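Q: Hi! Could you walk me through this one before I set anything up?
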Amino acid sequence: MINRSSKAHLQRYMLRIGKNWGLYLLLLPAVTLLLCFTYKPMYGVIIAFKDFKPALGIMESPWVGLKYFEKFFQSYQFWITIKNTVLISLYSFAMFPIPIIFAILVNQLRANRYKRVFQTITYMPHFISTIVIAGLMMILLSPGNGLMGNLFRLFGAEAPNVMGSASLFSSIYVWSDVWQHTGWDSIIYLAALSAVSPSLYEAATVDGATRWQKIWYIDIPMLIPTIVTLLILRVGGLLGVGFEKAYLLQNNLNISGSEVISTYVYKIGLLSSQYSFSAAINLFNTLINFALLILVNQIAKKYSENSLW
Amino acid sequence: METATNHVLPIKRKRDNDKLLETLLYTWSVIVLILVLYPLYFIVIASFSDPSAVGNGKVWLWPQGFTWDGYKELFNHSNIWIGYRNTIAYTVVGTAIGLAVNLSAAYALSRKDLVGIKPLSFFFIFTMFFNGGLVPTFLTIRDFNLYDTFLVMVLPFSVAVFDIIVARTFFRTGIPAELWEAAQIDGCGNLRFFALMVLPLSKAIISVLALWFAVGHWNSYFNALIYLQNKDLHPLQLVLRDILVTNQMQNALGTGEAAQIALRLANLLRYSVIIVATLPIMCLYPFVQKHFNKGVMIGAVKS
């Protein structure tokens, strides 16, 4: 009995799948690419627990357990990279409200033409590549003949070598990001604000609400769902300082402040070919991010209706 | 008397207050505009100026000692043009592949009658939060014989899950289910429906994704740094890195008068190359701007 009904069930399923075969064909390229280039490397992560020799391959290389994790925890680079990564991450994270404030202020601009021009101009830096940004900063901040050097000399002072300073690295990293992306990052909040019904503002005006009150009691509550979603996504990447900019801005003078996990993984793995060691460091980083993401999502679930899943 | 002034005062104060706020707001916006524009403007005027004037701090508002030398110098570096050619090829092919792969996946996932939609969605979303990391990915690329090929720049990493989610939301809200039901009655299959009905109705999302992919390909250097060795395959960004960041031009110079001239040109080149590399991609945005309507972005937020 049961068998027959489950068989009928299966048949119905197959029928529905068969009817929509075209959809599976549409999914095929993306699924194949992900399997080959994202899921296959996930399996390759086991080299973090092995002594990987390219000649032997992943399967044949001997297991070594947690040897490479211990090696990382005991190396003197461990605390430096962790400290720098956490510091830069938290510093960037502290900038999270800037695009929100930016969007609220832009939303207050009344002259429509000006507002549009303002937005277009503040989006522009987003389209500049990381390499050009790094080059730009080297040109502008150079103590010798950069804009900053000239500015200091105008006041008769000697410019500090900002690019070569380990302690200033995090500030350079974070504030150049603010310069480049604030306008662009505010788009999503501006979109949420533009969805606010004008009747809400009109009602508030009739009730005699000031501008501040409208921002505080209408704008900000309308932004909360967007803020929570983006906040969760941000925390998931908390311990992931991007490789691209950190690597470009690194030099021998600031290395003690600029070596982060991602650049260290690159140097160990690809420049000095210690594959297993590099994979172990990388995995450690990924796991922490993953744990943070789940934690924050749980917290968000508990205290508000907004969560990722 | 007293009550009357009491009534007038708050309103007047409120107006003054409003005026003050308005002034502060516009002052703030002008300061922001200057902060954003001046560094860019400085690069433009420096690219037309005598490098020694730039070095001495004479260049503030207008080019000093006007010269085209920086732009002429661009033609003496064939690697810049090889990089340019490669970047255009990667951007065009990569954007086309990215659109094809992601739009079709997004449409399939937008259909609620797709059997297995939950595990399939998980299959995609999981990759946003977990990956094999640099070395395992590198080894995989090598196993597929893609190291140092044109293909590695456009194919393996073309699936963009975030973009799929945005496009899926767009399809769900923008393509009514009745349309598919009607097409089905007329005997139209899924593939024909996607190509002839869905895509023509989705110009907004297609142009937004095309912009994202194009900017991504134009500006990225990470994959090229990791997977390309052959200089003839290098994209513009890697050439820029040699010129702007590692200063290979200057290090290669000797001393003496010829070296002085070469140094001058190398300095100028740093400005002109920034302009030439950045302008094309910046000009793309205004064409797509009108599609960045609230619909698309809200879709991004909601999902």
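A: Happy to. Residues 23-48 of chain B are 96% helix and 0% strand, with end C-alpha atoms 36 Å apart; helices here are DSSP runs (H or I, at least four residues; strands are E, at least two), numbered from the N terminus.

Q: What kind of model is it, and how do the labels work?
A: This is a predicted model, where local features need pLDDT of at least 70, side-chain atom pairs count only at pLDDT 80 or more, and totals for chains, interfaces and linings use all residues. Residues are numbered from 1 along each chain as its sequence is written, chains are lettered from A and ligands numbered from 1 in the order written, and side-chain values use heavy atoms, leaving out hydrogens and water.

Q: Back to chain B: which residues does UniProt mark as "transmembrane region"?
A: UniProt positions follow the numbering used here, feature names are shortened, and annotations may be inferred rather than shown by experiment. Among those spans, 191-215 of chain B is 84% helix and 0% strand, and its end C-alpha atoms lie 29 Å apart.

Q: And which spans of chain A get that label?
A: UniProt, again in an unreviewed entry, gives 21-40, 88-109, 121-141, 186-204, 216-243 and 275-296 of chain A. Residues 21-40 of chain A are 100% helix, with 26 Å between the end C-alpha atoms. For residues 186-204 of chain A, the figures are 84% helix and 25 Å.

Q: How many helices and strands does chain A have?
A: Chain A has 16 helices and 0 strands.

Q: What's the radius of gyration of chain A?
A: Chain A has 26 Å, whereas a compact globule of 309 residues would be near 19 Å. That is taken over C-alpha atoms, with the globule rule being 2.2 Å times the number of residues to the power 0.38. The C-alpha trace of chain A spans about 75 × 60 × 35 Å along its principal axes.

Q: Switching to one residue: where does Thr263(A) sit?
A: Thr263(A) is in helix 15 of chain A, residues 261-271.

Q: Buried or exposed, and why?
A: Thr263(A) counts as buried because its relative accessibility is 0%; buried means under 20% relative accessible area, exposed over 50%, partly exposed in between (1.4 Å probe, protein chains only).

Q: What does Thr263(A) touch?
A: Leaving out residues up to four places away in sequence, Thr263(A) touches Phe243(A), Ala246(A), Tyr247(A), Gln250(A) and Ser258(A), contact meaning heavy atoms within 4.5 Å.
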